[in-house]
Amino acid sequence: MCTELAGHLPRIRALLRMTQVQLGERCGMSSDRISAIENGRFTMKWCQYTAIMLLCMFNRSTKEYVIANRLLKPSFVQYMQQKEQGDPPDVTVSISPSVMATYEEAARSSVLSGSFSHWRMD
């Protein structure tokens, strides 16, 4: 899975409108490491794969790209969701309306207060 994702990184970055530097900052890697992965000089580790996939799942266009190109294998999603063999995986997992309302209110408050302005992943 890691090697297959590497071949799609340039397209994923384009969908995210990110440079190698920006993707690296979001995923905890250097731009040199992103370049090495994209050019096949380094095989990404599982933690790097999951960081990139997490980022992709929070963006509609990259999530659709990942699902359409089967970069998350249905059997893997099925396994992670603890589904019985033969039960299809869920690509959309619902959140209760009350939890979503609380989350959205917290997000609005954070944006209004500017608390996201200094957010950074270390």
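What is the volume of the largest pocket? In this predicted model, the largest pocket has a volume of about 650 Å³. Its lining is made up of 22 residues, and those closest to the centre of the pocket are Leu54, Met57, Lys63, Leu72 and Val93. Four elements, H5, H6, H7 and H8, each give two or more residues to this lining. Of the elements, H5 gives the most, with 6 residues. Sorted by class, the lining of the largest pocket holds 17 nonpolar, 3 polar and 2 charged residues.

Helix H5 also takes part in a contact between helices. Helix H3 covers residues 20-27 and helix H5 covers residues 46-57; their axes come within 9 Å and cross at roughly 100°. Angles from 65 to 115 degrees count as roughly perpendicular, and H3 and H5 are therefore roughly perpendicular to each other. On the side of H3, the residues that meet H5 are Leu23, Arg26 and Cys27, and their partners in H5 are Ala51, Ile52 and Leu55. This contact of H3 with H5 has 5 nonpolar residues, no polar ones and 1 charged residue.

Helix H3 packs against helix H4 as well. The axes of H3 and H4 are 8 Å apart, and the angle between the two helices is about 105°. H3 and H4 are therefore roughly perpendicular to each other. Here Gln20, Val21, Leu23 and Gly24 in H3 meet Ser31, Ile34, Ser35 and Glu38 in H4. How do the residues of the contact of H3 with H4 divide by class? They divide into 3 nonpolar, 4 polar and 1 charged.

Two residues of helix H4 may now be considered in turn. Serine 35 lies in this helix, which covers residues 31-38. Is serine 35 buried or exposed? Residues with a relative accessible area under 20% count as buried; serine 35 has a value of 17% and is therefore buried. If residues up to four places away in sequence are not counted, serine 35 touches Gln20 and Arg41. Arginine 33 is also placed in helix H4. With a relative accessible area of 29%, arginine 33 is partly exposed. Not counting residues up to four places away in sequence, arginine 33 touches Phe42 and Gln48.

Most residues other than glycine have a negative phi. Arginine 70 is not a glycine, yet it has a positive phi of about 55°. Its place is in the loop between helix H6 (60-68) and helix H7 (74-80). Arginine 70 counts as partly exposed because its relative accessibility is 48%. Glutamine 82, which is not a glycine either, has a positive phi of about 55°. Where is glutamine 82 placed? Glutamine 82 is in the loop between H7 and helix H8 (97-113). Its relative accessibility is 73%, so glutamine 82 counts as exposed.

Notes. Residues are numbered from 1 along each chain as its sequence is written. This is a predicted model: local features need pLDDT of at least 70, side-chain atom pairs count only at pLDDT 80 or more; totals for chains, interfaces and linings use all residues. Side-chain values use heavy atoms; hydrogens and water are left out. Buried means under 20% relative accessible area, exposed over 50%, partly exposed in between (1.4 Å probe, protein chains only). Axes are lines fitted to C-alpha atoms, for helices over the stretch in contact, and angles run from 0 to 180 degrees between N-to-C directions. Angles under 35 degrees count as roughly parallel, over 145 as roughly antiparallel, 65 to 115 as roughly perpendicular and the rest as oblique. Contact means heavy atoms within 4.5 Å. Ala, Val, Leu, Ile, Met, Phe, Trp, Tyr, Cys and Pro count as nonpolar, Asp, Glu, Lys and Arg as charged, and the others, Gly among them, as polar. On a 1 Å grid over the protein atoms alone, a cavity is a set of points where a 1.4 Å probe fits but cannot get out, and a pocket is an open set with protein on both sides within 12 Å along at least five of seven lines; lining residues have an atom within 4 Å of a point. Grid points are joined across faces, edges and corners, and a volume is the space filled by probe spheres set on the points.
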